Amino acid sequence: ATLLIHYLFNDTIHKTMLFRCMAAFAVLAAAAPTCEGFSTNPTPLAIKPSTSSQQRTNKSALFMGPPTDPSAPATDLYGEGSRKYRRTVYTHDQWVKHRSPDRFVNNLSTLFNSGIYKNVGKEVVFTTSVAIFVWAWNLLVGGYQDLSGVAHDPIIQGEWAKIVGLPLQAFTTVSPSLGLLLAFRTNSSYKRWDEARKFWGLNINHTRDLNRMATAWYGNEGDPWDGTEFMGAPSSKAQAIDPAERQYLLGQISLMTWAFVRSMKRHLSPPDEDEEDYLAEMKSRLSPEQADAIISATHRPNRALFDLSVAIEKLPMHFMRKNEINKNLSIFEDTLGGSERLLSSPVPLFYSRHTARFISIWLLFLPFALYGQFGDSWNYIMMIPASLLISVFLFGIEELATQLEEPFTILPMQGFCDKIGANCDEIVSWAGQDVYKIPEEVIEQMEMERPELEMKSNLALLGGEVEEDVVEEPKKKRKILKKLLRIGEGI
């Protein structure tokens, strides 16, 4: 641009220099459409709209990076549409690749495919434009050197035509403050992501725990040999177990557990992304009455949790064991409430806005201070790429924090729900303790000894002397129980 202006005022300029400069600009212009990293309006050439089935597949994607399907819409390349491609679940193969010595080369090779850099493209273009303006203005008013090394006088002359610049010390003074702001911003956002991931980790752990206890304790309303009483009433005897009823009731436990986590996932996801899939999954797995009850509820996860409580209450087992199972539901309420807190309460907006304003103003005025630092380069030209790279990386840090601040649309929640459903279905399919039948003669022997044991225990409670056989009785019980376990293992 400087050479073109000079050409208008000075006919003695070397024509070859002008042609070289125009050729360089032509090459840059031809390469610009391919630099998607800084394109604000990407052209969706050769990209076809995806079908609904393809979109549902992409929503549950568990890999990192942009879509590899050529039919993926252009909106999936960066911005909100790219968040579903950040739902990463690592296996051993991914960890090997993660530790690969080629990771630096691989990351640099995908520089222009980064969704983070694409999101900050407008800001980077603006700050780089300021750098180009500072560079061009200072050449016009301060003189320049052509490619042959010949120095030329300023094109614009006058008392008002001064070289613009700022002292670099002003920027180095406030740089620590900017670094602290960005560090706190990213740490706070990562903490929110980590907390959300731990909530889903608790869901995975306690759904397994709930179904394990329900399966193992099914049908154990009372132990026929221990004489346990509650408020003077003896515990009921274990009844014969109907396999069909057991399969149904435990199946309801597994199904309602899955319905809760799936409703929680829908509760934390954008409606336009997950509503259609949620309705289809609920109606395909639940009965019409159960599905309609949960879908029509104002707060779907609460309704699913209520149905899970009802399913637990129908299990034939001692109420103390039901209480232990219900403790998991309180944990589910905590994870649900904590997730709602993260979704509805961002990092205080005044902090985020101040950080964004600080970094924007700092980067917009930075080219004025960098100009004098690149005097060794041709016409201070290296100031422009330096400003560009600094803008990319600093705006990128702030963008990372913004992307992490709302963690649920980058967590693989669909994968978690599918995993929980499969694990629960497998657990309730295992044989419970009804398989290990206690021999009738052992039960009769324990029943005969029970009145005598109760009498001796009552005398001990009234302050009488505790006889030796009463003290030894627990040891006998343990021996009998060990014997029963050995018998059960052999059945």
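Tutor: R303 forms a salt bridge with D307, and their closest N and O atoms are 3.2 Å apart; a salt bridge here is a side-chain nitrogen of Lys or Arg within 4 Å of a carboxyl oxygen of Asp or Glu. This is a predicted model, where local features need pLDDT of at least 70, side-chain atom pairs count only at pLDDT 80 or more, and totals for chains, interfaces and linings use all residues. Residues are numbered from 1 along each chain as its sequence is written, and side-chain values use heavy atoms, with hydrogens and water left out.

Student: Where do R303 and D307 sit in helix α12?

Tutor: They are four residues apart in helix α12 (residues 300-313), separated by about one helical turn; helices are DSSP runs (H or I, at least four residues), numbered from the N terminus.

Student: And is D307 buried or exposed?

Tutor: D307 is buried, with a relative accessible area of 12%, whereas R303 is partly exposed at 31%. Buried means under 20% relative accessible area, exposed over 50%, and partly exposed in between (1.4 Å probe, protein chains only).

Student: OK, how many salt bridges are there by this rule?

Tutor: The count comes to 13. One of the pairs is E195 with R341, whose closest N and O atoms are 2.5 Å apart. Because E195 lies in helix α8 (residues 168-217) and R341 in helix α13 (residues 319-344), this pair ties together parts that are 146 residues apart in sequence.

Student: Which residues are linked in a network?

Tutor: Salt bridges link R262, K265, D274 and E281 in a network.

Terms used. Helix = DSSP H or I, 4+ residues; strand = E, 2+ residues; numbered from the N terminus.
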